[in-house]
Amino acid sequence: MEGEENGTLHPSCGASEPPYSQELLQSLDLPGRFLFAILTLMTLIANLVFIEEAVYIYRKMPSSKRSIIIWVNAAAPVIATTSCTGMWIPRSTMFTDFTAAVFFAIVIHKFLVMMIKDCGGQKLLLERFENGHFKISTGPCCCCCLCLPRVRITRRSLFWLKLGTLQFAFLRPVLMFLSIVLWTNGNYTLYNVSTKGAAIWISCVVGVLTIIALWPVAIMFQQVRTLLICKKIIPKFALYQFIVILNHLQASVINILAIRRIIPCAPPLSSSARGAYMTQQLLIMEMFLITLISRVVYRRKYDDLEPPECKAEEAGDNKQTPKVILNGTVSEDGLPRV
């Protein structure tokens, strides 16, 4: 930093690549090493908590929901693990970020499927909302378009919602593969945001696909949040939203600040590498807390919802038959009391 103020830059400040792990570790002082140890320990604890929770889910949950709940719960520990790997080995940041992004793309689809499963499956969901309509004027895509018409809940509309999340789970790995191929040829650089580079265009495509994938989840949540309030769907959705914001929006903001050199370089880390380094440390702490909260929310065993026909029968039983008044007494079944 002193070199920047005096007009002389440290060689690492202009470096296009992050330092090797041994260079980074040698430059750490005692507080830095202590922070590394704490963050690594938090990642280890997060993974142990997830493994214990996965064993519980496998033993206690119905077979139809096990894999979906385990996938959703694995999002925070996986992001913490990839962030910890990138923190220890800075040059692996591109690959660790890609791994976390691909995994979370699958989690977005799994979360939508989980909400449908919590309603009893697609068939029961259609029966419960037989005459219902989806409100599509919701975030993150059309929250300002209040004039949009409501869409009838049918098998076709459910198919389009699933397709909206499934496309991201399929196309994100394809774009990751394309990025790695271009990187080997020197056409893709993670921190190059010029229009001549491939990174800015691929990032724009990923951003559009992400918004399209998040939209169906928000539409479904708006429809079922009252029905699934007994299954704590609001805390579950809040945790999911926190992961989206922290893993995408927070990382993007820090990356922009680093590219603009608002975050100064700190040898041996350049501005861009230091921004990624800060993002990884923040994500480890945040995902650790989310893992602990998820254990509390998802570990509880919730009762299944009553089938729609049972509710209709109960409503019919609650209707009282006409009562006959005889000598000041009224019988429950409509017959005079003796």
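Ala, Val, Leu, Ile, Met, Phe, Trp, Tyr, Cys and Pro count here as nonpolar, Asp, Glu, Lys and Arg as charged, and the others, Gly among them, as polar. The legends below describe close-up views of a predicted model.

**View 1. Lining of the largest cavity.** By class, 10 of the lining residues are nonpolar, 2 are polar and 1 is charged. The cavity holds about 90 Å³ of space. Its lining has 13 residues, and Val72, Leu239, Ile243, Ser294 and Tyr298 are the closest to the centre. At least two lining residues come from each of α4 (63–73), α5, α6, α10 and α11. Helix α10 supplies the largest share, 4 residues.

**View 2. The second largest cavity.** The whole structure has 2 cavities of 30 Å³ or more. The most come from α11, with 4 residues. The lining divides into 8 nonpolar and 3 polar residues, with no charged ones.

**View 3. The largest pocket.** Elements giving two or more residues to the lining are α5 (75–88), α6 (93–118), α8 (155–184), α9 (198–224), α10 (233–259) and α11 (271–299). Helix α10 gives the most, with 9 residues. The lining of the pocket has 21 nonpolar, 17 polar and 2 charged residues.

View 4. Ser157 sits in helix α8. Ser157 counts as buried because its relative accessibility is 10%, and buried means under 20%. Its side chain reaches the backbone nitrogen of Thr154 at 2.8 Å. Beyond neighbours within four places in sequence, Ser157 contacts Phe134, Val151 and Arg152.

View 5. The protein averages a pLDDT of 81, and 82% of the residues score at least 70. Residues 1–7 have pLDDT below 50, and this stretch makes 8 contacts in the model beyond near neighbours in sequence. Over residues 311–338, pLDDT also stays under 50. For residues 311–338 the model has 21 contacts beyond four places in sequence. Where pLDDT is low, predicted coordinates should not be read in detail.

Conventions:
Residues numbered from 1 in each chain as written. Predicted model: local features only at pLDDT ≥ 70, side-chain atom pairs only at ≥ 80, totals over all residues. Heavy atoms only, no water. pLDDT = per-residue confidence, 0-100. Contact = heavy atoms within 4.5 Å. Buried < 20%, exposed > 50% of the residue type's maximum accessible area, 1.4 Å probe, protein only. Polar contact = N/O pair within 3.5 Å; in protein donor to acceptor, adjacent residues only side chain to side chain. 1 Å grid on protein atoms, 1.4 Å probe; cavity = no way out; pocket = protein on both sides within 12 Å on 5 of 7 lines; lining within 4 Å. Points joined across faces, edges and corners; volume = space filled by probe spheres on them.
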